[in-house]
Amino acid sequence: MNSPASPYRIITVCTGNICRSPMAEFMLGAALRTAGLSERALVDSAGTTAWEVGRPIDPRAARVLDGHGLRSHQHIARQFEPAWYFERELILALDVDHYGHLREHAPSGTEEKVRMLREFDPAVAELDHLDQGIEDPWFGDQSDFETTWKLITAAVPGIVAHVRREIAAYGLPADA
């Protein structure tokens, strides 16, 4: 948090910002609202590449989100900007290549902000980062997007708990 009055900022990151990272953004945003943290924590998303910049969310990802009551049709893909290393408290990589890229390019002192999203899933938290990735569903079919939903879902409670602890560490109430 940039200051005690600032919200805790999270960004989810995948390759093109049309599948995994926007799914994680909308899913985590909904969980933060449910937890009463939406006034204290904000989440957005980006891609490590410019391949999909300006494009909407993949229709298969949108279909999964819609099926769970999350509207994502306003999403427009964008590329991760270096300034965000300083403006975000938590940078969540969706796969090991994103993690490596983000850590490699992180300015000194910001590397520890970069975490694997699935580090927060108790079922895989103790595994090596190489085993915590979420494969790109873009190459598959609708069932691959459903699998992505399940993998992200398993990590969301751990992320919410982490955010609650981080907010409390700043002496702020964790419920809005």
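Visitor: Leaving aside its neighbours within four places in sequence, what is His98 in contact with?

Guide: This is a predicted model, and in it His98 contacts Val13, Cys14, Thr15, Arg20, Thr48 and Ala93 once neighbours within four places in sequence are set aside.

Visitor: And is His98 buried or exposed?

Guide: His98 has a relative accessibility of 1%, and because anything under 20% is classed as buried, His98 counts as buried.

Visitor: Which helix is His98 found in, and what does that helix touch?

Guide: His98 belongs to helix α4. As for the sheet, its four strands are in the order β2-β1-β3-β4, forming an open sheet with parallel pairing. Neighbouring strands there are turned by 30 degrees against each other on average, direction ignored. Helix α4, residues 96-105, packs on this sheet and touches β1, β3 and β4, with its direction making about 170 degrees with that of β4.

Visitor: Which other helix lies across β1, β2, β3 and β4?

Guide: That is helix α5, residues 142-169, which runs at about 150 degrees to β1.

Visitor: Let's stay with β1 then. How many of its residues are buried?

Guide: Six of the seven residues of β1, which spans residues 8-14, are buried, so this strand is largely enclosed by the rest of the structure.

Visitor: How many bridges join β1 to β2?

Guide: Seven bridges join β1 to β2, residues 41-47, and the two strands run parallel; within that pairing, Thr12 stands opposite Ser45 of β2.

Visitor: Changing topic, how do the axes of α1 and α2 cross?

Guide: The axes of α1, residues 20-34, and α2, residues 59-67, come within 10 Å and cross at roughly 15 degrees. Angles under 35 degrees count as roughly parallel, and α1 and α2 are therefore roughly parallel to each other. Their crossing is right-handed.

Visitor: Which residues meet there?

Guide: From α1, Pro22, Met23, Phe26 and Met27 meet Ala61, Val64 and Leu65 of α2. By class, this contact of α1 with α2 has seven nonpolar residues, no polar ones and no charged ones.

How values were computed
Residues are numbered from 1 along each chain as its sequence is written. This is a predicted model: local features need pLDDT of at least 70, side-chain atom pairs count only at pLDDT 80 or more; totals for chains, interfaces and linings use all residues. Side-chain values use heavy atoms; hydrogens and water are left out. Axes are lines fitted to C-alpha atoms, for helices over the stretch in contact, and angles run from 0 to 180 degrees between N-to-C directions. Angles under 35 degrees count as roughly parallel, over 145 as roughly antiparallel, 65 to 115 as roughly perpendicular and the rest as oblique. A crossing is left-handed if the near helix is turned anticlockwise from the far one by less than a right angle, and right-handed if clockwise. Contact means heavy atoms within 4.5 Å. Ala, Val, Leu, Ile, Met, Phe, Trp, Tyr, Cys and Pro count as nonpolar, Asp, Glu, Lys and Arg as charged, and the others, Gly among them, as polar. Buried means under 20% relative accessible area, exposed over 50%, partly exposed in between (1.4 Å probe, protein chains only). Two strands pair if DSSP finds at least two bridges between them.
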